[in-house]
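Subject: Handover of a protein structure

Dear colleague,

Please find below the structure that I am handing over to you. The findings follow directly after it.

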Amino acid sequence: MFRLQSIVRVRLARLVAAAVAAVALTAVEPAPQAAHAAACTGTTGVTVVVDFAALGGGVQVACALGDPATGVAALQGAGFTVTGTSRWGLAFVCRINGKPTSATEPCVNTPPATAYWSYWHAPAGGSWSYSSSGASSYNPAPGSVEGWSFGAGAAPSIAVP
């Protein structure tokens with residue numbers, strides 16, 4: 001009798017595990033829309049500009065299609081990888097596309113005021129304005145432009161697309 005109960009428990013555990021796996025597969029969020037490596041046209045999305053110049057790179061412009069809910073979502077929706085700090089998570093963007101490297105900035109706490117990703121907004125074709133909100137709480141409007149620049153708080157080095 002004891003052996004039969006053990007077999008039933010094992011089979012029941014396997015059945016539950018299979019059911020949980022099946023539910024997990026169907027509960028996955030839909031994939032985000034693909035980003036475009038150019039500015040958005042009209043109000044098709046939010047244009048994202050990332051200035052890597054202070055880190056030895058150039059400026060990249062991409063489009064996060066649709067209506068991203070936050071600046072971080074726009075950055076990710078435009079195809080950039082984002083790393084937050086250990087202490088604050090994505091409430092404080094520490095790395096974009098792996099820059100700066102972990103050898104330069106460990107991303108434990110907030111980086112120094114002379115070496116961080118500053119966050120900017122602009123209307124299409126307008127002027128850059130330093131964000132007074134964090135990227136995880138700001139909701140960019142479709143047709144607007146988000147800017148990111150590494151350094152001591154200077155705006156992206158290109159005109160707003």
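Cys107 has its place in the loop between β4 and β5. Helices (H or I, at least four residues) and strands (E, at least two) are DSSP runs, numbered from the N terminus. This is a predicted model, in which local features need pLDDT of at least 70 and side-chain atom pairs count only at pLDDT 80 or more, whereas totals for chains, interfaces and linings use all residues. Residues are numbered from 1 along each chain as its sequence is written, and side-chain values use heavy atoms, with hydrogens and water left out.

Cys107 is not a glycine, yet its phi is positive, at about 60°. Asn97 is found in the loop between β4 and β5 as well, and it too is a residue other than glycine with a positive phi, near 50°. With a relative accessible area of 29%, Asn97 is partly exposed; buried means under 20% relative accessible area, exposed over 50%, and partly exposed in between (1.4 Å probe, protein chains only). As background, most residues other than glycine have a negative phi, and most peptide bonds are trans.

Disulfides

A disulfide is taken here as a pair of cysteine sulfur atoms within 2.5 Å, and by this rule there are 2 disulfides. Cys94 and Cys107 form a disulfide with an S to S distance of 2.0 Å. The link of Cys94 and Cys107 is left-handed, with -85° about the S-S bond. This pair links distant parts of the chain, 13 residues apart: Cys94 is in strand β4 (residues 89-96) and Cys107 in the loop between β4 and β5 (116-123). Cys94 is buried at a relative accessible area of 1%, and Cys107 counts as buried at 2%.

Cys40 and Cys63 are joined by a disulfide with an S to S distance of 1.9 Å. The torsion about the S-S bond of Cys40 and Cys63 is about 105°, so this disulfide is right-handed. Cys40 lies in the loop between α1 (2-26) and β1 (45-51), and Cys63 lies in strand β2 (residues 59-65), so the pair ties together parts that are 23 residues apart in sequence. Cys40 is buried, with a relative accessible area of 13%, and Cys63 is buried, with 1%. With bonded cysteines counted along the chain, the disulfides follow the pattern 1-2, 3-4.

The chain as a whole

The protein chain has 2 helices and 7 strands, and from the N terminus on its elements run α-β-β-α-β-β-β-β-β. Of its 161 residues, 32% are buried. Its accessible surface comes to about 9,000 Å², and 62% of this belongs to carbon and sulfur atoms (Shrake-Rupley method with a 1.4 Å probe; for residues, only the protein chains shown count as cover). Contact means heavy atoms within 4.5 Å; among the contacts with a separation of 6 or more, 54% are between residues 24 or more positions apart.

Nonpolar cores

A nonpolar core is a set of buried Ala, Val, Leu, Ile, Met, Phe, Trp, Tyr and Cys residues joined through side-chain atoms within 4.5 Å. The largest nonpolar core has 19 residues, and those with the most contacts inside it are Val48, Val50, Leu75, Phe80, Ile96, Trp117 and Trp148. At least two residues of this core come from each of β1, β2, α2 (71-77), β4, β5 and β7 (144-151). Another core, of 6 residues, lies apart from it and includes Val49, Trp120, Ala122 and Trp128. Leaving aside its neighbours within four places in sequence, Phe80 is in contact with Val48, Val50, Phe52, Gln60, Ala62, Leu75, Ile96 and Asn97.

Largest pocket

On a 1 Å grid over the protein atoms alone, a pocket is an open set of points where a 1.4 Å probe fits, with protein on both sides within 12 Å along at least five of seven lines; a cavity is a set from which the probe cannot get out, and lining residues have an atom within 4 Å of a point. Grid points are joined across faces, edges and corners, and a volume is the space filled by probe spheres set on the points. The largest pocket holds about 220 Å³ of space. Its lining has 15 residues, of which Phe92, Trp117, Tyr119, Gly134 and Ala135 lie nearest its centre. The elements that give two or more residues to this lining are β4 and β5.

With kind regards
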